[in-house]
Amino acid sequence: MGLEERAATYNSQNGKCNQTFTICKHGFTDLSHISPLVFIYLLKECYLIGTCKATKKFRALQEQVHLVLRNDPQPGPATFVIQCLYVLPIFDLYSEGFSHLIISALRRFLKEETSGGDSLEAKDLAAQLFLDIVGGSVNHDERIVEKMLEVFDVQLENIEKVLCPNAINDSNFSMATKFVEDYIYQLIESQTYMTAVTLLAHFSIRQSGESFLLCMIESQQLKAAEKWATFIGKPMLCVLVQEYVDRNMLKDAYEIIHKNNLRQEFPDVYHKYKESSLKKLAEKGCWDVAEAKTKSNRQLLEYLVYLAMEAGYSEKVDELCDRYSLKGFLNAKVPEPSLLHSRYLHLDELVVEGVIWVDEVDALHKATCHFEECKVVGLDCEWKPNYVKGCKPNKVSIMQIASDKMVFILDLIKLYEDVPDVLDDSLTRILQSPRILKLGYNFQCDMRQLAQSYEELECFKHYQMLLDIQNVFKEPRGGLSGLAKKILGVGLNKTRRNSNWEQRPLTPNQLEYAALDAAVLVHIFGHVRGHSQPADGEGHGKLEWKSCIVSDMNNIKKSKKGSRKESSEAQTKEHLAI
């Protein structure tokens with residue numbers, strides 16, 4: 001059937017295929033004398049031929065079956081598919097996939113055909129197949145049953161006709177109803193809730209109550225719960241929303257309220273969900289995103305100001321109040337400095353003698369000379385976040401380099417504009433020095449950003465003697481703040497992580513945040529370099545930090561995970577004996 005050729009012509013983007021291309025080869029040219037068994041056998045042979053991926057094969061075959069159903073299968077397309085479903089179980093591993101394939105192909109065929117064909121006659125045959133599957137004489141799983149009943153539109157009257165062919169018409173279809181309900185009960189007993197709900201809706205059976213809904217929620221089958229509540233109607237949807245609210249599943253509650261226009265019934269849930277979302281964003285330091293999410297809603301903006309006050313982010317409080325003319329926060333209770341101090345690590349606790357801002361040549365020379373006398377430095381950098389999907393990140397704004405006593409913060413944007421050659425030479429002397437151990441945390445990300453931001457500079461294309469502190473710990477949790485809390489006993493305040501790092505001057509809080517991220521690396525290293533810290537925090541192994549050092553790394557292209565270039569053992573020992 002030329003499956004490779006068909007797969008290549010199938011347009012997966014719009015779901016269409018070039019129907020003028022010939023697909024009728026071998027026994028599929030005329031199906032009037034082809035039995036379902038032979039048809040499935042040929043289908044299997046086509047599937048086995050070729051090297052394209054299984055998904056592409058499946059789509060190409062489905063397109064072919066959808067088209068060849070026009071080639072006069074006997075006694076009709078829909079009946080022919082039912083006969084195929086009867087023989088498919090003997091094909092074992094291919095049974096389930098091919099069953100879905102031919103039913104989906106028939107669904108497309110029936111949508112395009114204006115005449116009913118044999119679909120009315122096939123309904124009763126599908127009803128018989130349903131009985132045979134439930135009775136165990138034909139082996140198909142419940143998903144095939146669900147799909148078959150939907151595509152053939154099998155109703156209770158069709159099942160009743162098969163169950164009682166000679167009985168007087170029963171407008172209530174009592175036998176069929178009992179048969180279907182018993183089958184659905186089996187599905188519920190096995191917790192196959194989605195299929196059970198689909199069949200309840202398909203046959204318009206409304207027997208179950210709130211207990212059924214609670215069972216689905218407890219089993220975390222939330223899509224089934226929502227589908228069933230939607231089928232039952234507004235009262236059950238309200239019960240579902242209330243259950244979600246009681247379980248603090250605000251996002252799920254909000255989505256159902258939004259989809260079903262229930263905001264009037266649950267006026268407070270909308271704001272609770274929005275506030276919950278804002279709090280999560282604030283905890284991650286995504287203040288700009290949180291502000292955008294408020295959509296200028298005053299109640300949400302005031303809540304965001306409250307979160308900024310709680311985090312001790314005073315400049316964000318002022319910024320929001322000025323931008324939106326928010327009053328009444330000047331006398332609001334702000335967390336006491338002593339309380340904030342106890343929650344997070346502060347720069348003065350690391351005995352840092354000074355933080356120096358570097359945006360001109362003399363300060364840059366001073367920084368370079370200072371670090372050339374150091375054996376260990378901490379590195380970090382910051383850039384303004386870009387929340388526009390698909391856009392490239394903003395240029396790295398600052399680079400922090402810390403020794404055990406001093407932190408220099410380099411204004412990369414200004415230095416690159418004013419003295420690019422001096423900047424390149426100074427950073428090359430630090431970053432490419434084999435005598436200085438450079439510490440970072442997830443520094444691969446910073447390296448990529450630096451190289452992309454300043455492609456013309458050579459200093460960011462090659463590094464020597466790097467130790468990524470993150471790689472020293474087998475299961476780092478909570479980022480650098482979590483590691484600081486684990487090693488030093490107190491974490492870092494990450495509130496300003498996603499602030500505007502391109503504004504000048506930076507606020508004192510921004511400067512402290514930036515300096516801390518570099519300085520804390522040196523102090524964490526000082527605690528672990530003596531092999532005294534357990535690798536997993538519970539004494540189950542010692543840290544092997546020396547094996548994590550990357551002695552030589554190029555930043556021109558991504559290196560494979562775990563690949564390193566080792567320098568001589570003598571060189572490593574010389575510069576780590578500190």
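Two strands count as paired if DSSP finds at least two bridges between them. This is a predicted model, where local features need pLDDT of at least 70 and side-chain atom pairs count only at pLDDT 80 or more, while totals for chains, interfaces and linings use all residues. Residues are numbered from 1 along each chain as its sequence is written, and side-chain values use heavy atoms, leaving out hydrogens and water.

**The whole chain**
- The chain has 27 helices and seven strands, taken from DSSP runs numbered from the N terminus (helices are H or I, at least four residues; strands are E, at least two).
- Of its 578 residues, 48% are buried, meaning under 20% relative accessible area with a 1.4 Å probe, protein chains only.

- β5 (residues 437-440) and β6 (residues 462-468) pair in the parallel sense over three bridges, and Leu 439 has Leu 467 in β6 as its bridge partner.

**Helix α9 against α10**
- α9 (residues 174-189) and α10 (residues 193-202) pack at about 155°, with axes 8 Å apart.
- That angle makes α9 roughly antiparallel to α10 (the cut-off is over 145 degrees).
- Tyr 183, Ile 184, Leu 187 and Ile 188 of α9 meet Tyr 193, Thr 195, Ala 196, Leu 199 and Leu 200 of α10, where contact means heavy atoms within 4.5 Å.
- Sorted by class, this contact of α9 with α10 has eight nonpolar, one polar and no charged residues; Ala, Val, Leu, Ile, Met, Phe, Trp, Tyr, Cys and Pro count as nonpolar, Asp, Glu, Lys and Arg as charged, and the others, Gly among them, as polar.

**Helix α11 against α13**
- The axes of α11 (residues 210-218) and α13 (residues 234-246) come within 11 Å and cross at roughly 40°.
- The contact involves Glu 210, Leu 213, Leu 214 and Ile 217 of α11, plus Met 236, Val 239, Leu 240, Glu 243 and Tyr 244 of α13.
- By class, the contact of α11 with α13 has seven nonpolar, no polar and two charged residues.

Notes:
Axes are lines fitted to C-alpha atoms, for helices over the stretch in contact, and angles run from 0 to 180 degrees between N-to-C directions. Buried means under 20% relative accessible area, exposed over 50%, partly exposed in between (1.4 Å probe, protein chains only). Angles under 35 degrees count as roughly parallel, over 145 as roughly antiparallel, 65 to 115 as roughly perpendicular and the rest as oblique.
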